[in-house]
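Have a look at the sequence and the model on the screen, and then I'll talk you through a few things.

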Amino acid sequence: IQTDGTSLSAAHVAGAASLLWSMNPDKPASFIRSLLNESARSKGLPQEYGNGVLDVAYAVDHISDGALSVENETIVLPQG
C-alpha cells in the first residue's frame, strides 16, 4: 500500500521534531522548524511537494552545526 499527503506526513514531522528537540531541549521551536525545513530533500515543485522529504538523519547529524538567525528565523546548514 502506498500512501501520501499531509495526514501521513504530519505524524512523521512531529516525530522528527520530538527527536530533535529531545537532543537539545534549549533550542526554540523556530530552530527545530527551520532545521527540518532546511534539511528536507526536494521532491519537486514546492507547490506540489511542499518542503520535500524529511532527512532526519541529516538533521540529527547537523543539529549542532546550524546557526539560527533570530531576525528572520532561518537556519544555515552545511551543504551536503
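So, at what angle do the axes of helix α1 and helix α2 cross? Roughly 120°, with the axes of α1 (residues 6-23) and α2 (residues 29-39) coming within 10 Å. That makes α1 oblique to α2; the cut-offs are under 35 degrees for roughly parallel, over 145 for roughly antiparallel, 65 to 115 for roughly perpendicular, and oblique for the rest. The axes are lines fitted to C-alpha atoms, for helices over the stretch in contact, with angles from 0 to 180 degrees between N-to-C directions. The crossing of α1 past α2 is right-handed, as in the near helix being turned clockwise from the far one by less than a right angle.

Quick housekeeping. This is a predicted model, so local features need pLDDT of at least 70 and side-chain atom pairs count only at pLDDT 80 or more, while totals for chains, interfaces and linings use all residues. Residues are numbered from 1 along each chain as its sequence is written, and side-chain values use heavy atoms, leaving out hydrogens and water.

Back to that helix pair. From α1 you have Val13, Ala16, Ala17, Leu20 and Trp21, and they meet Ala29, Ile32, Leu35 and Leu36 of α2, where contact means heavy atoms within 4.5 Å. By class, that's nine nonpolar, no polar and no charged.

Zooming out, the chain has four helices and two strands, in the order α-α-α-α-β-β from the N terminus. Those are DSSP runs: H or I, at least four residues, for helices, and E, at least two, for strands. Of the 80 residues, 22% are buried, meaning under 20% relative accessible area, with exposed over 50% and partly exposed in between, using a 1.4 Å probe and protein chains only.

Glu38 sits in α2 and counts as partly exposed, because its relative accessibility is 48%. Its C-alpha is 9.5 Å from that of Leu54, 16 residues apart in sequence. Then Gly50, in the loop between α3 (46-49) and α4 (56-61), is partly exposed too, at 39%. Gly50 and Thr6 are 44 residues apart in sequence, yet 9.8 Å apart C-alpha to C-alpha.

How values were computed. Ala, Val, Leu, Ile, Met, Phe, Trp, Tyr, Cys and Pro count as nonpolar, Asp, Glu, Lys and Arg as charged, and the others, Gly among them, as polar.
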